[in-house]
Structures are given as structure tokens and as C-alpha cells.
Protein chains: 2
Amino acid sequence: MRVLITSGGTTENIDSVRGITNFATGRLGKLIAERFLIQNHEVILLAGLQALVPDNHDNLTIIRISGVANLLETMQNYLPTVDVVVHSMAVSDYTPIYMTDFETVAKSDDITEFLSASNEEKKISSHSDYQVLFLKKTPKVIKSIKTINQNVILFGFKLLVDVPKEHLIQVASTSLTQNKADFILANDLTTITAERHLGLLVSQNAIIEAKTKLDIADLIVAKSKETYDQNHTRRNW
Amino acid sequence: MRVLITSGGTTENIDSVRGITNFATGRLGKLIAERFLIQNHEVILLAGLQALVPDNHDNLTIIRISGVANLLETMQNYLPTVDVVVHSMAVSDYTPIYMTDFETVAKSDDITEFLSASNEEKKISSHSDYQVLFLKKTPKVIKSIKTINQNVILFGFKLLVDVPKEHLIQVASTSLTQNKADFILANDLTTITAERHLGLLVSQNAIIEAKTKLDIADLIVAKSKETYDQNHTRRNW
């Protein structure tokens, strides 16, 4: 199989010296890539600027990704040619539009003016005690995947923080439907450490629990293979 | 000599999964540390979470720094015991207070209410097309250094983006006075590449040009030693 994995976090620039970063080490994405490679699959890894990546391998292509726009553009090139997508990257939901002094915003009659403003300075500087940053929603990357290649086997990820297991499963189920994903790996930041990583692999007909990053990686490889074989048997009938 | 070096960039959290990062590789700070170590000086390196750092060395202590508050606290522990401070870290000028939907801000009668608000959620989520992030000024780290140890030899850094050389020198001179620094290394992002790194080492009575990271590092080591020797000769009279 040919597998596209996204990993690490995106960075959305505020100006040329600072940006909003989604925290993610890329450790899980790296491991998933390695487990696919061991089984002789071909891997394209789209990795955040600071993400950990596997050692060089003949079947591995690594491409560094900055922000959401860059991720979407790069994905579009590869999506038509892959069988599986494991979208584990922590993608920014919002991207900066404009930053200005608090006083400027406070005295504005209509703050929608700032939604179409842009900073001229390459490094925004200010003497004000407070600043205000306006942000807009980024395009939903996971939602675009099946619109580009409907045959791909899609694994999405949902990371929540300190929620009940039922809520985690509910959010994952909604994401399955909304994004036409085949599987959602749901996890909670409070149950992730260097050693342990609780994950629930949610599909339309099952929920499978994994307890470590290695469990999660191997489960994703196994489910990819199983689904790929089912699809190809069915198509050959 | 005992030398404190700060390097890389700070990260100010928005919530538990994202933050504002100052871009900085830590490459120059790493090199400055290495050049001091080669001359048998003792180095304490306060490095951003993603910053490059030197290999282990008997005379080197590395401490990872997250945000500005963490930097200030860690600095205060070491400042009384060091002879030289090279403050090359890219420090965030502002830190997040509160993030909310654009609509909530637009309909507020008095937006100062958001300056004392705080997000309850550990991961801020929203369905709004636009969000607004309120930020407040961080304490000025460089200004606090001489107030804690007035005998330290202080190197500050000023990074600007695409400005005339005269402006760079003027900003560096102002910083010298305001922060009681002994030297300011002034540089411009547009004249920094992997190979070249134009820098101006500005002091009250001289401006010295450097063309590479190695030039800059060696100049800082040489000027530290020279100033240290002058101070100690003077004190022993």
C-alpha cells in the first residue's frame, strides 16, 4: 500500500518572527510511519517543522509542512496516488489576520474593520500594554480528503483534554460522519505520557482500545491492511 | 569566567494544545556557548524548547525554557553567580490573556472586560468564523538583568526586519542606555542565512561589524574577556 501520514503540528505566522504553533512532538506519527515501513509499505510523511521523523528509508518520503495552506496544497498533490491517509497532525483551527493595540480596537465604531486589515510591518511592534489579535477559521483539512480521493482509507484523529470517555467517543463518531472518515483515533491529552498513550479507534461498527503508541500504530497498520484487502476483494468480484 | 547564555525562542501558551512561539533556531546561541567552552569558560545555557544545543560538556549546564515567566525565574537563580550574560533569546513581547468569538467582542459595551477574563476550557474550541485573542505585555527581561546583578557584563540582542543600517544602530544605542547593556548585537532578519549572518556589535564607544555567526560568537567571547580583565584590573587598584 501507499500511505500518506501527517504528523506534528502546524505553525500559522503572526509576522516574520512569531506564529501560533500547535503543540505536537510527532512521536506517534513517526512510529506509525515506521510500522508501515517494516511491513514494506510506501510512506509519504508530511511532518511539522519541529516534528520528530524516522531515519532515512528507501520507501519513505519526508516533506516538511509549515501552516495549514501549505499542508492542503501538499496533500492535494499526493492524495490521488495513495491508498491510506493517517491524518494525525495537530492542525491550527484559526490563522492570524491582524494584530493591533488594544486602544485602537476599544475606540473603533465597528470592529469588523479589523477582519479585512493587514499588518504592513514585517515585525509588529508596540508600546501598548495590551494587544488584540484577530484570527479567522482555517479550511477543514480532514473534510477535504475524501472529496479529492473517495477511495482512500481515512484515519482521522481527535485530541481532547480531560473529558469523559463517552464524550470522546461521541465526538469521534460525529467526526466519522462529518468527514467521511473510516476510523477516528480519539485520545485525551491527560492520558498521554512518554510510556502510555490511551487511544480509542472508533469506526462505524466497533471501538477498539489501545494502551500505548505502539499499540495504536500497529492497530492502524492492521486495520489499513484489512480494509484495503476487503475493498480490493469486493472490487474484483 | 562564568557565562549565562539565553538562546532559541519562548513559547507563550494560549491553552494546553497551542501557543505563540518566537521563531529562533538557537543556532547562534549554540555556537556562542561552544566558543566560550573551547576557551575553558563555564556556560549555563537557557535554551528554548526547540532550540539547538551543544553536545554534552563538563563545563556546560543546559536548562530548557518554556515561556517568559519561566525564563525570568530561572535567570534570577543564576544571575548573582555569573560574570557575563549573553541574552540572545527571542523573547515574546506579549502573552495571551483570553480568547473568544468575534461576535462576543463585537457586542460588548466595554471590551476592557476581556482583559481580566480567562478561558475555563483546557482546549479552546469554537464554531465561529473569527476569533479574537487578547494579549498583555510581558515583563522586559533584558531590563531586569542589571537590577539583579549590576556587575555582570551584558550582551543584548536586537533583531529587526528589513530596516536601514542607521535605524538598526539607533535602536541598538537606545537599548544600550535603557537596559544598561554593555553591548548590543544588532541584526536584521533579511541579512541572515545559513552561511552568512551580518551583525553589528554596538557599545557606547564603538560599532564592530561581523559577517558570520562564527565572527559574532568569537567577537562576543573576545569582548567579554577584554571587559572582564579591564573591570578586574580596575577593581584591584
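What you have here is a predicted model, in which local features need pLDDT of at least 70, side-chain atom pairs count only at pLDDT 80 or more, and totals for chains, interfaces and linings use all residues. Residues are numbered from 1 along each chain as its sequence is written, chains are lettered from A and ligands numbered from 1 in the order in which they are written, and side-chain values use heavy atoms, with hydrogens and water left out.

**Chain A overall**

Chain A has six helices and twelve strands; helices (H or I, at least four residues) and strands (E, at least two) are DSSP runs numbered from the N terminus. Along the principal axes, its C-alpha atoms fill a box of roughly 65 × 40 × 35 Å. Of its 237 residues, 51% count as buried. Buried here is under 20% relative accessible area, exposed is over 50%, and partly exposed is in between, using a 1.4 Å probe and protein chains only. Take the contacts in chain A with a separation of 6 or more: 64% of them are between residues 24 or more positions apart. Contact means heavy atoms within 4.5 Å.

**Where the chains meet**

Chain A puts 41 residues into the contact and chain B puts in 41 residues. About 3,600 Å² is buried between them, with carbon and sulfur atoms giving 63%; that area is the accessible area (1.4 Å probe) that two parts lose on being put together, summed over both. In chain A, Phe23(A), Tyr94(A) and Phe102(A) lose the most area to chain B, together 17% of what that side buries.

The rule finds 20 residue pairs in polar contact across this interface, both at pLDDT 80 or more. A polar contact is a pair of N or O atoms within 3.5 Å; within protein, one must be able to donate a hydrogen and the other to accept it, and residues adjacent in sequence count only if both atoms are side-chain atoms. On the side of chain A that touches chain B, two or more residues each come from strand 2 (11–13), strand 3 (18–22), strand 7 (94–101), helix 3 (102–106) and strand 8 (130–137). Strand 8 of chain A gives the largest share, eight residues. By class, that side has 20 nonpolar, twelve polar and nine charged residues. Ala, Val, Leu, Ile, Met, Phe, Trp, Tyr, Cys and Pro count as nonpolar, Asp, Glu, Lys and Arg as charged, and the others, Gly among them, as polar.

**Salt bridges**

The structure holds 20 salt bridges over all chains, and the count between chain A and chain B is four. The rule asks for a side-chain nitrogen of Lys or Arg within 4 Å of a carboxyl oxygen of Asp or Glu. Here are some of them:

| Pair | N to O distance |
|---|---|
| Arg2(A) and Glu42(A) | 2.7 Å |
| Arg18(A) and Asp93(B) | 3.8 Å |
| Asp93(A) and Arg18(B) | 3.8 Å |
| Lys223(B) and Glu226(B) | 3.4 Å |

Asp93(A) sits in the loop between strand 6 (84–87) and strand 7 of chain A and Arg18(B) in strand 3 (residues 18–22) of chain B, so this pair joins two chains. Asp93(A) is partly exposed at 33%, while Arg18(B) is buried at 7%.

Lys223(B) and Glu226(B) both lie in helix 6 (residues 213–236) of chain B, three residues apart, about one turn of the helix. Lys223(B) counts as buried at 17% relative accessibility, and Glu226(B) as partly exposed at 38%.

Asn187(A) is in strand 10 (residues 183–188) of chain A and is buried, at 5% relative accessibility. Its side chain reaches the backbone oxygen of Lys158(A) at 2.8 Å, and a polar contact of 2.8 Å joins the side chains of Asn187(A) and His197(A).

Over in chain B, His197(B) lies in the loop between strand 10 (183–188) and strand 11 (199–203). His197(B) is buried at 4%, and the residues it touches, not counting those up to four places away in sequence, include Asn187(B), Leu28(B) and Ile216(B).

**Helix 1 of chain B**

In helix 1 of chain B, the buried residues include Leu28(B), Leu31(B), Ile32(B) and Phe36(B). After this helix comes Asn40(B), whose phi is positive, near 65°.
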